[in-house]
Amino acid sequence: MATFDHPFLPNSGAPIRKMMLEAIGAASIDELYSDIPTEVRTNRPLKVDWLPSEQEVKSHVERMLAENKSAADMPVFLGAGIYNHYLPAAVKAILARTEFQTSYTPYQAEISQGLLQSLFEFQSMIADLTQMDAVNSSLYDGSTALGEAARMACRATGRKKILVPQSLHPAKFSVLKNYAEPAGIGLETFTYDKETGGLNSGDLQSKVDRDTAAVYCEVPSFFGILDPEVVNVPSICHLKGALSIVGFDPVSLGGLKPPGEYGSDIVIAEGQSISTEMNFGGPALGIIGCRGENLIRQLPGRLIGMTTTLDGKERAFSMVLQTREQHIRREKATSNICTNEALFAIGAAAYLSLLGPQGLRKLFESILVKTNYAIKTLSEIPGVLAPRFIGPHYQEFVVFFKGARGALARLNKSLLSHGVHGGKSLVKDFPELGESALFCVTEVHSTEAIDKLRLLTEKLLGS
Amino acid sequence: MFHQAKWDEPLIIERSASGKRGHNPARPSDIEWKITGSDPWNNVPKALLRNGLPPLPEVSEPEVVRHYTRLSQENFAVDLGIYPLGSCTMKYNPKVSEAIAQNPKLEKIHPEQDELTVQGILALLHRLDEFLAEITGMSRMSLQPVAGAAGEYLGALIMRAYHKSKGELEHRREMIVPDSAHGTNPASAAMAGFNVVVVPSNSEGMVDLDALRKVAGPRTAGLMITNPNTLGIFEKNVLQIAESVHDAGGLLYYDGANFNAILGKVRPGDMGFDIVHLNLHKTFATPHGGGGPGAGPVGVRKDLERFLPVPLVGFDGKKYFFDYDIPHSVGKITAFHGNIGVLVRAYAYILSLGPEGLKAVAETAVLNTNYVLAKVLERGKFELPFSRRRKHEFVLSAKKINEQTGVRALDIGKRMLDWGLHSPTVYFPQIVEEAMMVEAPETESLRDLDELVEAFVRAGREAETDPERLRSAPHHTSVGRIDEVKASHPKTLTLRWNNPKLSG
């Protein structure tokens with residue numbers, strides 16, 4: 001028996017252990033492990049580091065993290081799914097409540113009403129914003145939400161083909177493929193218009209057929225485009241008996257039409273931007289919602305419902321429709337998901353409550369203005385085409401840099417050495433766009449930061 | 001006596017009144033407005049323009065904070081008391097890990113930043129990969145899976161890729177799963193396109209080797225198993241199990257849900273497992289967040305490394321980098337690099353305990369659980385099906401109590417809530433009637449354990465003297481027993497506050 005006393009282990013101390021072993025009727029801890037075959041036992045200490053005091057642990061990790069340069073140290077013009085928004089202090093304070101943070105999944109509803117009600121409020125707010133009948137209490141992230149939506153659409157329609165934009169984030173496409181392929185779901189892409197970057201509706205219409213389970217579109221698109229054609233997609237789908245899946249940006253719904261209003265059947269989103277910091281991409285918040293009872297029965301993950309106590313006297317909340325889920329339905333479940341991102345669903349509920357109708361609309365407007373300012377500013381640089389695509393943008397836009405191959409990589413490197421992190425290079429994933437990068441601007445990017453980007457870019461390209 | 005807070009807190013929408021606001025977002029500068037020109041809304045296509053304001057509650061900041069703080073008080077948590085939830089390993093979450101994670105150098109880094117600007121986090125992830133590989137006895141980890149079930153799914157995808165590479169995927173369509181397995185195992189296997197074959201437990205509560213040998217064969221893709229199993233019993237025939245699956249050409253998957261029992265004592269790699277996932281939100285003490293976030297890193301043996309998701313974190317002797325050069329990679333299973341915030345906390349946890357500490361964690365968890373088991377059997381009216389030898393958890397049956405008094409495991413669990421404890425896991429595993437699955441993690445004090453024992457004793461006594469008190473429990477929680485049937489009934493199902501009439 002190890003006599004390792006530790007602050008995390010209340011039953012440290014030989015006398016306590018001796019007493020407990022006596023109660024058990026065992027001579028030693030080893031006796032409790034005696035059924036384990038000797039040949040598989042670990043008979044040496046694990047080769048992992050140990051720091052004996054909390055102070056050392058903390059400063060060790062802090063020293064490691066200090067090697068990072070963050071968006072707090074320099075302007076970072078990256079988006080592509082994870083966004084740097086200002087997270088209100090009140091959201092952080094609510095997330096820090098350890099009654100939420102250190103609680104378990106609310107299977108025991110009576111002792112978990114706080115969590116259940118908060119999650120119900122999250123579901124309600126997202127359902128109202130998107131005009132969906134039901135929203136679940138979270139999935140892992142936006143990419144797995146797309147995978148789940150695709151599988152859901154195939155189960156509901158009995159079809160096996162999903163159409164996605166050619167301009168989908170490659171990482172998202174890879175995740176989708178891993179959700180689709182084992183289920184025998186085929187993925188096809190429809191092209192984007194070379195001028196506007198919006199969807200090529202001719203190409204899309206020619207590909208939607210009686211085998212199509214669903215078409216996926218995003219507003220704004222990966223290229224940051226507000227594409228009006230998207231509102232026509234649901235009717236194109238419905239004509240052929242297919243479903244429409246729309247990916248939305250939560251903040252953008254402050255100014256944009258809810259996908260439910262133009263006929264979308266399933267909506268998904270990455271909710272990191274309204275619930276938590278970037279954290280190098282995770283944890284994030286997968287959002288999924290749908291319309292109609294048939295689709296609700298196909299939803300993956302946990303759903304919270306409002307009900308009453310057994311005596312009918314009090315309002316109460318509990319998990320509902322659990323027969324869809326793995327702990328009951330096992331291999332016939334709608335998904336294997338168990339652990340989700342519940343804490344950040346609470347964060348999102350707090351965020352949306354704080355911003356309210358005016359705040360969300362104003363935030364959308366601010367980002368709209370800043371996006372246009374950044375585009376106009378960058379477009380003044382000789383040799384720079386900003387935006388690469390004609391048409392309205394929100395939060396993100398593609399910039400094309402004239403110049404030989406490698407010009408963008410060199411520029412980004414130089415920008416970095418001057419304390420600015422440029423946009424995401426599209427050179428590898430979208431070679432047809434040449435030396436192009438995807439830039440992102442939110443409310444956290446100051447005028448000074450945008451101007452600095454412009455001045456440095458101009459100087460570095462000219463030199 | 002325990003009484004949970006009760007605030008009769010309305011829905012946040014019921015606190016809404018026109019004109020209130022809880023946060024003013026930053027506005028663009030004058031120059032930005034000026035350069036953008038005229039009305040920025042002209043830039044939004046009419047077809048996409050929202051009609052009016054988004055429908056959200058209108059509440060002030062103090063109201064929002066008070067609302068969610070009150071709700072938080074109506075919620076049980078590890079920081080309040082013991083969660084004897086079998087297979088969930090709800091241990092205390094050290095505060096140093098939280099303090100470490102609240103760091104702008106972590107929170108404000110973007111996943112697509114240039115590698116040179118994120119050397120700190122890459123070094124940490126690289127080291128964590130090494131730690132977890134050492135702890136599990138595997139060759140290499142993917143830190144990308146964000147939950148246990150996500151790890152299982154990745155494991156199943158790796159099995160697909162492995163059998164495909166050998167040209168055998170066409171006929172290897174079967175995943176063997178014990179009848180005591182967690183629901184996620186069969187669900188993950190089915191999602192990955194496998195047919196689930198259930199292998200029964202024997203009279204000792206372990207995998208029936210003969211039954212396994214009968215089903216293992218040329219159609220076998222693999223076996224998914226926990227060890228100790230969900231009964232808390234160590235599968236002592238694990239080497240024979242591994243042999244029969246390997247002889248059949250299948251792969252062996254270790255579900256890390258019960259790893260807390262054997263941390264530092266036995267390594268899955270040494271038991272013959274090919275693929276392993278760990279639940280960092282269980283064994284490595286990261287907070288469960290009311291259901292998430294978690295993290296489910298997956299480790300593999302050497303020759304399966306070539307199937308791991310991209311990217312891995314590499315080190316060239318000078319700098320850390322994202323390694324995308326994995327030719328047979330299954331691709332990605334989440335958009336970026338995993339639940340980094342959770343991984344950082346787990347890293348701090350490992351450093352805090354070190355090799356001796358990690359082993360002491362497992363030993364103390366097993367000690368605590370066996371202590372509770374011994375005391376409950378000595379004093380209570382519960383039965384323990386199968387053999388006596390348990391690790392970090394055990395499964396009692398309330399069948400006899402039920403037959404004698406009509407009181408069910410569910411009622412006992414609900415009554416325990418009245419005493420400021422969480423209920424054990426009830427009705428799982430399904431192979432035990434009126435199951436109550438109990439786990440007493442290493443972070444519970446003797447006093448807490450004695451209270452838990454007392455709860456079983458008291459519940460057993462009350463079942464005889466006042467069964468109605470149990471059947472109508474709980475009485476001291478924010479609300480009384482909830483009508484979960486009504487909650488899910490199509491006519492009363494309410495999934496949002498503006499409840500629409502559902503259409504087919």
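**Helix pairs, loops and contacts**

Modeller: α6(B) and α7(B) are oblique to each other. This is a predicted model.

Biologist: At roughly what angle do the axes of helix α6 and helix α7 of chain B cross?

Modeller: Helix α6 of chain B spans residues 148-165, and helix α7 of chain B spans residues 184-191. Angles of 65 to 115 degrees would count as roughly perpendicular, and angles under 35 degrees as roughly parallel.

Biologist: Is the crossing of α6(B) and α7(B) left-handed or right-handed, and which residues of α7(B) make the contact?

Modeller: α6(B) passes α7(B) in a right-handed crossing. From α6(B), the contact uses B:Gly148, B:Ala149, B:Glu152, B:Tyr153 and B:Ala156. By class, the contact divides into five nonpolar, four polar and one charged residue. The residues from α7(B) are B:Thr184, B:Asn185, B:Ser188, B:Ala189 and B:Met191.

Biologist: Now chain A. How are helix α14 and helix α15 of chain A oriented to each other?

Modeller: Helix α14 of chain A covers residues 407-417, and helix α15 of chain A covers residues 447-462. They pack at an angle of about 125 degrees, with their axes 10 Å apart. Roughly antiparallel needs an angle over 145 degrees. α14(A) and α15(A) are therefore oblique.

Biologist: Which residues of α15(A) meet α14(A)?

Modeller: The crossing of α14(A) past α15(A) is right-handed. On the α14(A) side, the residues are A:Leu411, A:Ser414 and A:Leu415. The contact has five nonpolar, two polar and no charged residues. The α15(A) side supplies A:Leu456, A:Thr457, A:Leu460 and A:Leu461.

Biologist: How many residues of helix α8 of chain A are buried?

Modeller: Helix α8 of chain A runs over residues 170-180. Its buried residues include A:Phe173, A:Leu176 and A:Tyr179; A:Lys172 is also among them. The helix is largely enclosed by the rest of the structure, because the buried count is nine of eleven.

Biologist: Against which elements do the buried residues of α8(A) pack?

Modeller: Two strands of chain A take part, β2 (161-165) and β3 (186-190). A helix of chain A, α7, is also packed against. The partner from chain B is α6.

Biologist: Which peptide bonds in chain B are cis?

Modeller: One has omega of about -10 degrees, and its B:Pro311 lies in the loop between β7 (298-300) and β8 (312-315) of chain B. Another has omega near -5 degrees, and its B:Pro429 sits in the loop between β11 (425-426) and β12 (435-439) of chain B. The bonds join B:Val310 to B:Pro311 and B:Phe428 to B:Pro429.

Biologist: Is B:Glu434 buried or exposed?

Modeller: B:Glu434 is in the loop between β11 and β12 of chain B. Its phi is near 45 degrees, a positive value in a residue other than glycine. It has 21 C-beta neighbours inside 10 Å. The cut-off is 20 or more, so B:Glu434 counts as buried.

Biologist: What is the phi of A:Ser138?

Modeller: A:Ser138 belongs to the loop between β1 (134-135) and α7 (142-157) of chain A. With 33 other C-beta atoms within 10 Å, this residue is buried. A:Ser138 is not a glycine, yet its phi is positive, about 130 degrees.

Biologist: How far apart are the C-alpha centres of domain 1 and domain 2 of chain B?

Modeller: The domain assignment gives domain 1 as 98-352 and domain 2 as 362-487. Their contact takes 18 residues from domain 1 of chain B and 15 residues from domain 2 of chain B. The domain 1 side has seven nonpolar, eight polar and three charged residues. The centres lie 31 Å apart.

Biologist: What separates the centres of domain 1 and domain 2 of chain A?

Modeller: The assignment for chain A gives domain 1 (14-57), domain 2 (89-351) and domain 3 (357-462). Taken over C-alpha atoms, the separation of the centres of domain 1 and domain 2 of chain A is 45 Å.

Key. Residues numbered from 1 in each chain as written. Chains lettered and ligands numbered in written order. Predicted model: local features only at pLDDT ≥ 70, side-chain atom pairs only at ≥ 80, totals over all residues. Axes fitted to C-alpha atoms, helices over the stretch in contact; angles between N-to-C directions. Helix = DSSP H or I, 4+ residues; strand = E, 2+ residues; numbered from the N terminus. Left-handed = near helix turned anticlockwise from the far one by under 90°. Contact = placed C-beta atoms within 7 Å. Nonpolar A, V, L, I, M, F, W, Y, C, P; charged D, E, K, R; others polar. Buried ≥ 20, exposed ≤ 12 C-beta atoms within 10 Å, placed from the backbone. Domains from an automatic or database assignment.
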